[in-house]
Amino acid sequence: MSANDTSERCDWTVTGMDCASCATKITTALGRLPGVADVQVGVMSERLTLSLDVRQTTRAAVEATVKTLGFGIAPKGAPVERKKAFVLPVAGAADTDDDAGHDPDKHDPDKHDHAGHDHAGHDHAGHDHKSNAAGVNPATARDQDVGHGGPGHSHAIDPKDRGKRWFQTAKGKLVVGTGLLLASAWAVKLFASESLAYYAFFAACVIGVAPVAVRAFNALRAGIPFTIEALMTIAAIGALFIGAAEEAALVVFLFAVGEVLEGVAADKARASIRALADLVPKTALLEENGTTREVDAASLEIGQRVLVRPGERIPADGEIAEGTSGVDESPVTGESMPKTKGPGDAVFAGSINAEAALRITVSKSAEDNTIARIIALVEEAETARAPTERFIDRFSRIYMPAIVGLAVLVAIIPPLAMGAVWDTWIYRALALLLIGCPCALVISVPASIASALSSGARRGMLMKGGAVIEAAARTTRVAFDKTGTLTVGKPAVTDVIALAMTEAEMLAVAAGVEAGSSHPLAEAILRRAEDAGVAALPATDAKALIGKGAQAMVGGAAAWVASPRHAAEVGALDAAGLERAAAMEQDGKTVVVVFREKRALGLIAMRDEPRADAIEGVRQLKAMGVTSVMLTGDNARTGAAIARLMGMEHRAELMPEDKVTEIKAMAAQVGVIMVGDGINDAPALAAATVGVAMGSGTDVALETAAAALLRNRVTDVAAMIRLARGAMGNIRQNVTIALGLKAVFLITTVLGLTGLWIAILADTGATVLVTLNALRLLRFNPERES
């Protein structure tokens with residue numbers, strides 16, 4: 001950013017959005033303000049972000065514009081140089097900024113359901129934690145106040161609506177008010193005269209439609225003429241002019257009911273995303289100078305040590321310093337069985353310590369822990385719209401004006417051309433207007449995408465948006481990196497063959513070359529030397545030979561640990577040595593040669609065993625019609641042996657750049673999912689149609705990839721594709737429901753078979769139906785083969 005550039009990225013939480021049309025209103029209105037650019041609105045995440053030039057438009061002006069459209073808005077927090085407090089991505093206001101208008105005391109912990117299980121003494125065998133990700137020890141829940149996500153955390157912003165039932169909110173009051181007015185008018189009709197009842201219905205309609213008309217007018221001023229509020233206002237007023245006051249009042253009431261139902265359905269879709277935030281305990285037991293005190297979990301800093309008692313949730317990402325216990329990671333990764341972890345093992349915030357006390361050293365700050373990253377990823381994914389969603393958005397912009405135009409023609413052509421009754425055709429035209437709202441259509445895609453993202457996140461499957469889901473659903477080819485993805489990534493030495501010295505002397509040279517390396521093969525050699533009681537010779541100038549091996553100055557002379565092919569190329573390995581290496585490679589082993597200048601010292605063979613679920617994962621993909629191919633830097637014989645065991649194709653002897661070439665070639669033909677876990681996989685992940693990082697992989701791989709599998713299971717690749725295909729099937733159902741209902745009632749309205757109140761029921765009913773249908777994805781189990 002230049003010194004003269006005053007633009008900044010701003011972030012708000014917006015409430016009251018029920019469908020994508022709401023997001024379109026906000027985007028259009030804010031896009032007209034000077035100095036506002038790159039407006040992104042997430043309906044399900046209730047998030048608004050934009051670039052703002054504060055010299056041209058203030059934050060207050062942005063907030064005022066959103067409020068005039070009928071939505072609640074509050075800042076997520078003022079930017080500070082160093083965030084000490086944790087602001088969850090779904091938080092409604094800053095937890096360190098009093099100006100945000102947030103009162104922490106108004107947050108009622110009793111509103112949350114903390115009922116769960118006593119994990120301290122619970123038998124986890126066969127227990128499905130995925131269905132109860134928030135389950136904790138009730139006593140611990142009270143101690144830690146689980147379910148708040150951080151200080152000042154709130155999911156609703158409007159202080160008037162926070163903690164209230166639906167009938168206490170603004171939209172709820174409109175339903176109650178219009179309902180009472182309508183009931184009163186019917187009472188007048190029943191016990192008094194028809195003429196007096198007409199005025200009662202007239203008053204009920206005017207009073208009920210007034211707030212809707214105000215929103216329509218504000219949207220019009222913001223440059224958005226075609227809104228459901230505008231169509232509703234025109235239809236209600238038009239009905240009054242043709243004497244249909246009773247029906248007009250009923251339509252206003254049904255519209256208000258529909259808005260409440262849409263809000264309830266949308267809020268249910270958001271609930272699963274919010275549940276992720278509820279996993280992090282609010283407090284932690286900090287150990288300092290031999291004493292333990294309770295502190296805000298959001299204030300924990302890297303390097304501090306916390307005590308986690310049995311049954312409690314772990315308050316931060318960290319590393320176990322003392323203690324050994326079963327750790328239940330199901331709330332974070334969906335892994336149902338607890339893992340036994342001890343000193344040096346990493347743990348996630350939100351996981352449950354099931355058995356014994358642990359002392360944990362904090363390794364990540366609250367805003368950067370695993371839960372925060374998952375929530376941020378899910379929220380950001382919502383703005384990465386699928387091609388289908390972009391198409392429907394373009395279609396909806398044409399659809400509403402087209403329906404309005406059709407309604408005008410229906411109102412005037414029959415009376416003018418055929419002498420038909422004006423009131424009859426105006427009435428039918430008004431009913432058409434109510435069918436003209438595309439809410440059900442435009443929410444059909446984002447509701448399904450949000451549900452799929454949430455369902456996947458609960459099972460440790462993260463996908464960065466609708467575009468990823470759509471691409472994964474179409475993919476029929478998956479490429480796997482071998483080491484650490486299809487295999488456990490910890491090869492063990494199986495054979496040591498000394499050629500020019502003793503086995504111990506050769507291992508000492510090999511260990512000297514590999515000392516300090518973190519490569520899996522190097523670690524296997526160092527473990528073998530340590531087990532044999534062999535000390536590594538002093539080494540200097542060590543360096544990696546990309547795709548070939550490593551070299552160093554060992555004992556004052558150059559030494560190498562490299563592939564047989566490289567050793568043969570430099571004249572260090574003869575034909576007999578190559579034959580011995582080839583024989584071991586036929587068995588699926590990786591062979592390296594330890595040599596000095598022109599002289600082979602010995603051969604070391606290692607094997608990296610396949611993951612327990614790798615063969616099953618490949619089988620599931622094959623059953624789904626998806627072809628699997630293994631990409632490896634190993635020699636052709638080793639690659640072929642492992643591929644044959646797993647029942648898949650393979651490409652061997654690939655350098656990192658060769659993997660990228662292979663992936664690009666596959667992507668150009670049918671599209672390809674690339675699954676990897678290491679730094680050297682990052683370029684191939686970026687080149688694939690969908691790059692998938694295994695959860696144990698590096699941050700580089702996770703950032704580069706379009707999706708991540710936190711449970712580190714090969715079978716989750718098939719599950720992710722099932723989820724993507726299920727989401728696309730759900731979207732097709734939603735589009736069919738939305739367009740089908742519109743088409744049916746468009747025809748029946750023109751023919752005079754249905755009236756105003758049926759039209760508004762069709763509109764709001766379709767929106768509620770597609771949202772509820774999308775919510776079915778929250779219960780969809782992608783791990784179950786269909």
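The model is predicted, so local features need pLDDT of at least 70 and side-chain atom pairs count only at pLDDT 80 or more, while totals for chains, interfaces and linings use all residues. Residues are numbered from 1 along each chain as its sequence is written, and side-chain values use heavy atoms, with hydrogens and water left out.

Helices (H or I, at least four residues) and strands (E, at least two) are DSSP runs, numbered from the N terminus. An open sheet is built from 6 strands in the order E16-E21-E20-E19-E18-E17, with antiparallel pairing; two strands pair if DSSP finds at least two bridges between them. Strand E16 (492-498) and strand E17 (539-545) form the edges, each pairing on one side only. From one strand to the next, the twist averages 20°. Within this sheet, strand E20 (residues 590-596) pairs with strand E21 (residues 599-607) in the antiparallel sense over 7 bridges, and Val591 has Ala605 in E21 as its bridge partner.

Helix H18 (residues 575-585) lies across E16, E20 and E21 and runs at about 5° to E21. Axes here are lines fitted to C-alpha atoms, for helices over the stretch in contact, and angles run from 0 to 180 degrees between N-to-C directions. Gly577, Ala581, Ala582, Met584 and Glu585 of H18 are buried (under 20% relative accessible area, with exposed over 50% and partly exposed in between; 1.4 Å probe, protein chains only). These residues lie on the same side of H18 because they cover an arc of only 160° around the axis, taken from the directions from the helix axis to the C-beta atoms. Their cover includes E16, helix H17 (564-569), E20, E21 and helix H20 (636-646). Ala575 and Glu579 are exposed on the face of H18 turned away from its buried side.

Elsewhere, the axes of helix H15 (residues 503-514) and helix H16 (residues 520-531) come within 9 Å and cross at roughly 140°. H15 is therefore oblique to H16, as angles under 35 degrees count as roughly parallel, over 145 as roughly antiparallel, 65 to 115 as roughly perpendicular and the rest as oblique. Residues making the contact (heavy atoms within 4.5 Å) include Leu507 and Ala511 of H15 and Ile525 and Ala529 of H16.

Finally, Ala557 is found in strand E19 (residues 557-562) and is partly exposed, with a relative accessible area of 30%. Ala557 lies 39 residues from Arg596 in sequence and 7.7 Å from Arg596 in space, C-alpha to C-alpha.
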